[in-house]
Amino acid sequence: MKDLFGKALIDYQKGNYTEDLITSTNISDEDELPLPYLFRNFKDMPKLEQKALLLSKGNVLDVGCGSGSHSLYLQEKGLRVKALDISKGAIEVSKKRGVLNAELKDVLDETETFDTILLLMNGTGIFQELSQVTKYLKHLKSLLNPKGQILIDSSDIKYMYEDDDGGLWIDTNANYYGELDYYLSYKNEDEAPMKWLYLDFERLEFACNSVGLTCEKVMDGKHFDYLARLT
């Protein structure tokens, strides 16, 4: 992994912002991911993220913290936060921005326990594939304190398979339609492709039930996205 995501964050943090990240998937064309968006404050966050932060309580684990925007908001509210990311550059930037406890680590290697676990900006993405959802949920459940909660968001991307007549061109013999290959480039460099999972609420709820978690939908977003609370 070249950590182009981390390099982009470092450039922006140092005032060397000249280009945005370029993303695409196996079912979508290239799109720009503006670097300023990754450094947004609370008032500029989507309603789903704002709601998740307002529901956060106690000792918090921020999974996939990026530049640390969510962690910083919660710290300012007086919560104890641990921020994780697999991007070395993201952790470096998070610390420079003031995140007190930021660690380069895969969540599957985490062993502490928390009152709130946050997985935002399509938090189900780290599950990678439908077949791995229960493995991740079991581990996340093991990190919860009594009466703890997991706040996670995702989208049902079935709409991306609709034709002009409203029909679906999903291949029923293929893998789950939310399993995507995700591509990222920055300054004419390409990152290694990664697996990324968008999960519809019904499948998330089913997976939660199978591992003994209760799954409730907190709210719907504006574009087929949702925030869920797992307990």
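Modeller: Buried means under 20% relative accessible area, exposed means over 50%, and partly exposed lies in between, with a 1.4 Å probe and protein chains only. This is a predicted model, in which local features need pLDDT of at least 70 and side-chain atom pairs count only at pLDDT 80 or more, while totals for chains, interfaces and linings use all residues. Residues are numbered from 1 along each chain as its sequence is written, and side-chain values use heavy atoms, with hydrogens and water left out.

Colleague: Okay, then is K105 buried or exposed?

Modeller: K105 counts as buried, because its relative accessible area is 18%. Its side chain meets that of E103 in a salt bridge, at 3.2 Å from N to O, where a salt bridge is a side-chain nitrogen of Lys or Arg within 4 Å of a carboxyl oxygen of Asp or Glu. E103 has a relative accessible area of 27%, so E103 is partly exposed.

Colleague: Which residues are linked in a network with K105 and E103?

Modeller: K82, E110 and E112 join K105 and E103 in a network of salt bridges.

Colleague: And how many salt bridges does a search of the whole structure find?

Modeller: The search finds 14. One of them is between E216 and R229, whose closest N and O atoms are 3.1 Å apart. E216 belongs to strand β11 (residues 215-220) and R229 to strand β12 (residues 225-230), so this pair ties together parts that are 13 residues apart in sequence. Strands here are DSSP runs of E with at least two residues, helices are runs of H or I with at least four, and both are numbered from the N terminus.

Colleague: How accessible are E216 and R229?

Modeller: E216 is partly exposed, with a relative accessible area of 38%, and R229 is also partly exposed, with 21%.

Colleague: Switching to helices, where do E92 and K96 lie?

Modeller: Both are in helix α4 (residues 88-97), 4 residues apart, which is about one turn of the helix.

Colleague: Last one: what does K51 touch, leaving out residues up to four places away in sequence?

Modeller: K51, which is found in helix α2 (residues 47-55), touches V218, M219 and L227, a contact meaning heavy atoms within 4.5 Å. K51 has a relative accessibility of 34%, so K51 counts as partly exposed. The C-alpha atoms of K51 and E179 are separated by 26 Å, and these two residues are 128 residues apart along the chain.
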